[in-house]
Amino acid sequence: MMTDPIADMLTRIRNATRTRKRRVDVPISKMKVTLAEVFEREGYIKGFAEMETEGPQNNIRIFLKYTEDQSSVIEGIERVSRPGLRVYAGKDNVPKILGGYGTSVLSTSQGILTGHQARQARVGGEVICRIW
């Protein structure tokens, strides 16, 4: 049994970018699909597709993005809030990653938002991860 599926997804993406894989498969959930949508909208991945498998659970296939010199667009990705230590940010304390160069992802009352969107909407929430 996996205790933190979001951390597993982020670790799979991190490992795939370090080995220069073009795609990575992750077990599906609504939260992971929403995170993939945010990563695609922010330009960190090319896209994703839901894949049907023979097993009990389907997968998300995430297509990773690289620059022309074959370096990954994702320089770093890490989990902030985890099951053992939840991290929350108020509407005035939404974190900026590398002075605005990166993106923080929050779970708010208005859904999953980037840090920039949360600051504009003046809402806080649980800081899920940060990516740069």
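1. In this predicted model, threonine 114 belongs to strand E7, which covers residues 111–114. Its relative accessible area is 2%, and because buried is taken as under 20%, threonine 114 counts as buried. Leaving aside residues up to four places away in sequence, threonine 114 touches Val38, Arg41 and Glu42, and also Thr103, Ser104, Val105 and Leu106.

2. Threonine 108 sits in strand E6, made up of residues 103–108, and with a relative accessibility of 11% threonine 108 is likewise to be read as buried. With residues up to four places away in sequence again set aside, the contacts of threonine 108 are Leu113, Val123, Gly124 and Gly125.

3. Helix H2 runs over residues 30–41 and has twelve residues. From its first C-alpha to its last, H2 reaches 17 Å, which is close to the 16 Å expected at 1.5 Å a residue. Just after H2, glycine 43 adopts a positive phi of about 90 degrees.

4. Within H2, the buried residues are Lys32, Val33, Leu35, Ala36, Val38 and Phe39. As background to that list, an α-helix has 3.6 residues a turn, so residues three or four places apart point the same way. Val38, one of the buried residues of H2, is also among the residues that threonine 114 touches.

Key:
Residues are numbered from 1 along each chain as its sequence is written. This is a predicted model: local features need pLDDT of at least 70, side-chain atom pairs count only at pLDDT 80 or more; totals for chains, interfaces and linings use all residues. Side-chain values use heavy atoms; hydrogens and water are left out. Helices (H or I, at least four residues) and strands (E, at least two) are DSSP runs, numbered from the N terminus. Buried means under 20% relative accessible area, exposed over 50%, partly exposed in between (1.4 Å probe, protein chains only). Contact means heavy atoms within 4.5 Å. The expected span of a helix is 1.5 Å times one less than its number of residues.
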